[in-house]
Amino acid sequence: MTFDFDTKVSRAGTASLKYDARQQYFGRDDVVPLWVADMDFPAPEAVTKALVARAEHGIFGYTDYPESVYESLQWWFRRRHQWKISRESILFCPGVVPSLYAAVTALTQPKDKVIIQTPVYHPFFTAVTDTGRTLLENRLILDNGEYRMDLAHMRRCAEDGAKVLILCSPHNPIGRVWRQDELLALLDVVREYDMTVISDEIHADLIFPQYQHYPLASLADDVNVITAVSPSKTFNIPGLGLSAMIATDPEQHQAIQTLFQQWHINNTNPFSIVGFEAAYQHGEAWLEALMVYLDETRRVVAEYCQTHMPMIKVEPSQGTYLLWLDCRGLGMSDDDLHQFFIEQAKVAMSPGTLFGEEAGAGFMRLNIAAPRSLILSALDAMKAAYLAL
Ligand SMILES: Cc1ncc(COP(=O)(O)O)c(C=O)c1O
């Protein structure tokens, strides 16, 4: 089977955040949008066909979660990640970010301390601060060109009273796929201080060759781990708004369930479940081809930067379609860096400071999930701006 990731598909008229909100976020709409994390590739054909078939039915009433949706999730994780998920541990949610908010709210009290590892996906900050909890920043260490966790500092956070850690695995924006030994060492700390981990594994399927994702919960059954997963990043269906949480501890499961009941988000919509199920059931070959394509694109970008813009270093990426560009060599302030890419290069990326005021300073996050010709044209524009510095 062949898949086409090269053809540019116009997203005009689809109210796409990535394209249509450029003016709002970047002050101009002529920038190449390589920011928010969705892909410019159509979802697997089986997903579209399933959605069309559902649309043709014509009745779009209140919709429950059929057993087949549970089964598709269980099947996928057993097959792809050797992780056996029990039926009773699953909770559905309209997205991973809402599930982070729900887990923090259900498992902690106002002012409780919650650890996040920066630089990290920005809603990790707000899931703690918006809910009135206290944020403890456990910065990752950039050591010889590779990020690693600072477990000594994490211990100090735990001794300071933190009971919950929000883990990003694989880690957005740095593209690390945590090794098994790293996760086991993390679990030792979690176990010692009796913490709960909320593990955001939305990028679990986007892993480059030579690396392997280990669901944290599959590595220990004596530690409380709440895992958030979704086919949304994997198959480019984030707009369908459906994710799952796996909470094995009955009390924690019930606490989250109760919140969902209070918020009245126990039902879904007819398209979300159809897309979710079709993606997991029929998307595997598409995903394999996607990762081959992205692997080549990340190689092309790294080589291009090294050859033409050596002061911009691409952190080696192990997973996700987000590249972390170390622009500190340009010697600009973060405001100037942002302006440089917007005004001179006309390329819209996410500023590193979004992921941590200090931890992300001097970095930019580049989304490479678009036809390679678009990425190359953005690189050419960046190069022209770079040479004019
Ligand atoms: C780590 C991480 N979690 C969650 C999300 C978004 O999840 P959702 O759209 O399901 O709320 C993203 C999107 O970029 C992400 O990178």
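**Exercise 1. State how much area is buried between domain 1 and domain 2, and what share carbon and sulfur atoms give.**

Solution. The area buried between domain 1 and domain 2 is about 3000 Å². Carbon and sulfur atoms give 58% of that area. Keep in mind that this is a predicted model.

Why use an area here? The size of an interface is often given as the accessible area lost when the parts come together.

**Exercise 2. Locate the two domains and describe their contact.**

Solution. Start with the bounds. Domain 1 covers 17–44 + 284–387, and domain 2 covers 61–282. Next, take the spacing: their C-alpha centres lie 25 Å apart. Then look at the contact. Domain 1 supplies 34 residues to it, and domain 2 supplies 36 residues.

**Exercise 3. Find the salt bridges and polar contacts across the interface.**

Solution. Salt bridges come first. There are four across the interface of domain 1 and domain 2. Now take R80 and E284. Their side chains form a salt bridge, with N to O at 2.8 Å. That value passes the test, because the cut-off is within 4 Å.

Polar contacts follow. Across the interface, 16 residue pairs are in polar contact. Now turn to the side of domain 1 that touches domain 2. Helix 11 (284–308), strand 12 (322–326) and strand 15 (363–367) are the elements giving two or more residues to this side. Helix 11 has the largest share, nine residues. Sorted by class, this side holds 18 nonpolar, six polar and ten charged residues.

**Exercise 4. Decide whether I312 is buried or exposed, and list what I312 touches.**

Solution. I312 sits in the loop between helix 11 and strand 11 (313–314). Check the accessibility. I312 has 2% relative accessibility, so I312 counts as buried. The cut-off for buried is under 20%.

Now the neighbours. Leaving out residues up to four places away in sequence, I312 touches C305, L325, D326, C327, L330, F341 and Y386. Compare V120, which is 192 residues from I312 along the chain. The C-alpha atoms of I312 and V120 are 20 Å apart.

**Exercise 5. Work out which partners the side chain of S230 meets in polar contacts.**

Solution. Find S230 in the loop between strand 9 (224–229) and strand 10 (243–247). S230 is buried, because its relative accessible area is 2%. Now follow the side chain.

Finish with the touching residues. Not counting those up to four places away in sequence, S230 touches V96, I202, L242, S243 and Y280.

Conventions
Residues numbered from 1 in each chain as written. Predicted model: local features only at pLDDT ≥ 70, side-chain atom pairs only at ≥ 80, totals over all residues. Heavy atoms only, no water. Domains from an automatic or database assignment. Contact = heavy atoms within 4.5 Å. Buried area = accessible area lost by both parts, 1.4 Å probe. Polar contact = N/O pair within 3.5 Å; in protein donor to acceptor, adjacent residues only side chain to side chain. Helix = DSSP H or I, 4+ residues; strand = E, 2+ residues; numbered from the N terminus. Nonpolar A, V, L, I, M, F, W, Y, C, P; charged D, E, K, R; others polar. Buried < 20%, exposed > 50% of the residue type's maximum accessible area, 1.4 Å probe, protein only.
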